[in-house]
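Have a look at the sequence and the model, then read on.

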Amino acid sequence: MELNRRQILKYAGLGLALPAASPLLAACSNDKSGGTGDGSVKFEGWDYEAALVQQNLDNFTKTSNIKVNYTPITSAQYVQKIVAEFTGGGGPDALYVYDDSLAAWVEGDYLQPLDGMAGVDEVYDAIYPGNAAAMTYQGKRYGLPYYTDSNCLTYNTDILAKAGIKKPPASLEELEAQAIKIKNAGLLQYPIGVPAQLSDTWWSWVWALVFGSGGNMFDDQQAPIMNTTDTVVKDVFAWLQQAANKSKVIDPACLQLLAVPIDNAMKANRYAYTIGARYASRDYNDATKSKAAGKIRMALIPSLDGQVHGTVSNTRLYALAKDTEVKDNAFKLLTYLGGLDADKKPYTAKFWFLQRGLGFAYKSMATDPEVTASLKKFADPAIYAHLGEIAKPRNVLGVPWYTEFEIELHKVVQGVLSNQTQPSAAVASLAQTVDTLKKKYN
Amino acid sequence: MAGLAERRPLGDNAKAWALNAPAMTVIALLVAYPIAYSFWVSLQRNNLKRPRAKQFIGFDNYQALLSDQAFLSALKVSALFVLVVLGLTVVLALILALVLNERFRGRGLLLSLALLPWAMPGVVNGLMWRTIFDAKTGALNGLLTQLGLIDGYHAWLTSGTGAFLFTALAQVWNTLPFSVIILLAGLSTIPSELYDAATVDRAGAVQRFVQVTLPWLLHPLLIVLILETMNAFRAFDTIYVLTGGGPGDATTTIALLDVQTVLTFTDFGLGSAYAWVITAITLLISVGYIGLLYRKGNFEV
Amino acid sequence: MVKVPLRYRIPWKKIVLYVLAVAFALYLVLPFYWIVAMSFMHEVDAISVPPHWIPVNPTLENYLGFLHPSEAQQLVGGRAIDETPYSLRNSLIVATSTAVLNLLLATFAAYSFSRLKFRGSQVLLVLYLLTRMVPGIAIIIPFYLLMRTFGLLDTYLALILSYTTFALPITIWILKDFFRSVPRELEEAARVDRCGWFRAMWSVFLPVAAPGLVAAAVFAFMTAWNEFMFALFLTSTKAAKTIPVVAANFATDFNTQFTVMAAAGVLAVVPPLALALLFQRKLVQGMAAGSVKG
């Protein structure tokens, strides 16, 4: 039997652990990963709607006769746990990957490229270029799309109407003015809410505001520009500082709110505006879960000048482990989940959109009548599509220090929101952070 | 075990090591290797997402700490956190233990209540206090508003100082019981003749406390100090759930930073170096406590 | 000093005592009371402003949901709800086993420190404690690899073994102090009766040492019950996940309700609390003996 990397790691682990006792221990090891011999696929993902995932996987097993051992992992610790598993040599065969983690996981030898495998080119031709780029690292393709989404301004038409506001804001200045109006009308003390408690997941709304005004934090060589050629970041920070501390329209409690309580507040009519993923609107407009059902709309991200528009997108993908022993079956699963079926339709992508409104990477779905009918229930299809077109992925995901930077960004933004840090100091400290990180990683 | 039959001193030695063998084996098998391994890793550049860059670098990780802003700031936060939590815990636990050492109606109930926080896992403790401190619907806001002490709901955890203090309070609530039990246990063994003698001497309550109670409590206090210092230095669950370390760096303790460095940034080398610094500090402090009591001539391990 | 007739003297000490007792009682119980109250409320009442201190429309829904999740609960973040009963079972098994295994190992070791003079005893005692001073995060990855190598991931045994090593040093310290307070004469008398050493330990020494053993067992139980980080890494399914891991899920899960979270929190506290209350008296006694003079 050929030794593959997983086995080598395993024996290396043993050698490191307890040289003397290793033969004994090897005998009592009941390592199940990939080695059960019946071709079943070990599949892991974060625990969003785990019951629906299982339901969909059961359907796959029924048609393909391939067994899938699915383990959902708490989303807050997903990345850490996967890293621990692969480090120990016991990773899954197929798994979800955040575009945020892709570069690191390729560098860490966890994943294998899909180039040349059946139907992959077809998939990449059928999806939006931004999503294709997000799943490509150093020229190789590593995934099939799970879902993608871009950020938008989400607002409560009812609250706006009560304050006599007819149109959502196009500029940040306008957003602040409208919020003040709502505040002064006594409708809400703090009309704007965004999730700003420290966490390990990215703060899409900060990136959305920066991209929304045509700015960026990095150039295409991943050199920091937030402190030099690009003034948008600083101006956005200045706006945040003012809106949080002078006009006090951003809720100060945001600093202790994660995404879930913000969603709940939107559903309870407690905020007039938030910035977040488009798919959240489906939930906000679902009468069984939300008191704001029917009142929530989406708009473009307000910008500094009200003319330029843009937003950020993210891509979540299905990827194949490098050391899988059931490559064929795992790839079949991948194709079922992220690829095209026998009729050249993206079966699971559509399933997720219809079930939960998760954004799709497939261009063809935009004109699918079933999709547009479902979309109309929670969003204006024109704005939805426009956001998808102008959205860009973060261009800094390919660097090994991205996670560290993102976490530092959160702390800096917290400083701005709580008036501890001036905008100019904030961008300077971000640039400084990048310098330090680059040195550390060289 | 042949030693057992021989002369006493030798027999004691062999017997003692035999008795310790099971515990030592378990610890050696399960912890000694990870501990040694983590020290070895702390001498490496070892980021799990860059396996090819792995390299032995001697004490470079430790040297880098001196100019590591995140580390220095976390160390400061931790020192303050330990000070506040330890101070509050010891004072509150001591008073509560003194109260419980008296006879009064409802003593049994109070003792039961004193055990309650012990039964609460740190994560649940964090969740509980989060609902209490909540800016929109929290019980603390509700209570203070109804009592007329504040005129509107506050977001307690959004200022650095606020977050720090409230996190420390949540931590103290959770760690109080263990100290109370140990101190109460110590108090319960003070012979009542000592107090009788002091009463005859007409010593005041304070004097009696200083002259009789405190010296008698030195040993339990030592245990409380060592264990609570260790706990406060490594406090993680409650802070993680309550603030995630924010706002900014206000509640990013060294333990939190360490977990983040190892698990989120996957920098196993640097994270291990952090951990060994924490170990060294706790060890030094513990030795300090022991030395302090040694000088008082009142201590035997 | 003015002489006051005895029955008119203001009982300052009593007053201070009761004031303090009440203050402490409130401090200890109020936070917990709030999540107990919430656990019997409907979501709407739990987040109302001003708060309802007493549930207005009390409901058992939040608890019953753990047994039979309603459709709505199954739809939104049903996994943590589904896993709660299993995690309680797992926590109970793990914590109880840890307590038992700990006693077994610690009793022998502690006995040696309390009864035998041997070379290296002081060093060994400090070494035990030293293993607890290294933060868990430093050893979690090598520990994880070790457990993986043994094929123990997602099993009770992995947790029991790790918690045993966590609790052992402190339990040894607690027990050796207690054992020292047990009069030597007891054993010697037993020996005169020609009991073997093990018989003497079993029938004479241990019964007297019971309070110390209880204190050590409760301590080990609590250590195992409350631990989060290792449980998070060593378990992945409801076969072994413990209650803190599932509780953390509530914090991050999509769409969790406050009230269900509160109910889970209450359930997480009940078993160890019952244990502590059951052994309350022995607990204090057990800690008492040795902790004073060493």
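What follows is a short tour, one region at a time.

## Before you start

This is a predicted model, where local features need pLDDT of at least 70, side-chain atom pairs count only at pLDDT 80 or more, and totals for chains, interfaces and linings use all residues. Residues are numbered from 1 along each chain as its sequence is written, while chains are lettered from A and ligands numbered from 1 in the order in which they are written.

A word on pLDDT: it's the predictor's confidence in each residue, from 0 to 100. Chain A averages 89, and 92% of its residues score at least 70. Residues 5-35 of chain A are another story, with a pLDDT below 50. Beyond near neighbours in sequence, that stretch still has 42 contacts in the model, a contact being two residues whose C-beta atoms, placed from the backbone, lie within 7 Å.

## Strands in chain A

Helices (H or I, at least four residues) and strands (E, at least two) are DSSP runs, numbered from the N terminus. Strand S3 (residues 94-98) of chain A is mostly covered, with five of its five residues buried. Buried here means 20 or more other C-beta atoms within 10 Å of a residue's own; 12 or fewer makes it exposed, anything in between partly exposed, and the C-beta atoms are placed from the backbone. In a regular strand the side chains alternate between the two faces of the sheet. In S3(A), A:Ala94, A:Tyr96 and A:Tyr98 point one way and A:Leu95 and A:Val97 the other.

Which strands pair with S3(A)? Strands count as paired if DSSP finds at least two bridges between them. Strand S1 (residues 41-46) of chain A pairs with S3(A) in the parallel sense over two bridges, with A:Glu44 partnered by A:Leu95. Strand S9 (residues 311-320) of chain A pairs with S3(A) in the antiparallel sense over five bridges, and A:Leu320 stands opposite A:Ala94.

Elsewhere in the chain, strand S7 (residues 273-277) of chain A also has five of its five residues buried. Strand S6 (residues 143-156) of chain A pairs with S7(A) in the antiparallel sense, over five bridges; A:Thr154 has A:Thr274 as its bridge partner.

Chain B has twelve helices and two strands, and its C-alpha trace spans about 80 × 75 × 30 Å along its principal axes. Of its 301 residues, 51% are buried. One example is B:Asn141 in helix H6 (residues 139-146) of chain B, which counts as buried because it has 23 C-beta neighbours inside 10 Å. Leaving out residues up to four places away in sequence, B:Asn141 touches B:Tyr153 and B:His154.

Where chains B and C meet, 80 residues come from chain B and 79 from chain C. Helix H1 (residues 8-42) of chain B gives the most to chain B's side, with 17 residues. That side divides into 54 nonpolar, 19 polar and seven charged residues. The nonpolar class is Ala, Val, Leu, Ile, Met, Phe, Trp, Tyr, Cys and Pro, the charged one Asp, Glu, Lys and Arg, and the others, Gly among them, are polar.

## Two helices in chain C

Helix H11 (residues 210-226) of chain C and helix H14 (residues 258-278) of chain C pack at an angle of about 170 degrees, their axes 11 Å apart. So H11(C) is roughly antiparallel to H14(C). Axes are lines fitted to C-alpha atoms, for helices over the stretch in contact, and angles run from 0 to 180 degrees between N-to-C directions. Under 35 degrees counts as roughly parallel, over 145 as roughly antiparallel, 65 to 115 as roughly perpendicular and the rest as oblique.

The residues in this contact are C:Val218, C:Phe221, C:Met222 and C:Trp225 from H11(C), plus C:Pro272, C:Leu275 and C:Ala276 from H14(C). By class, that's seven nonpolar, no polar and no charged residues.
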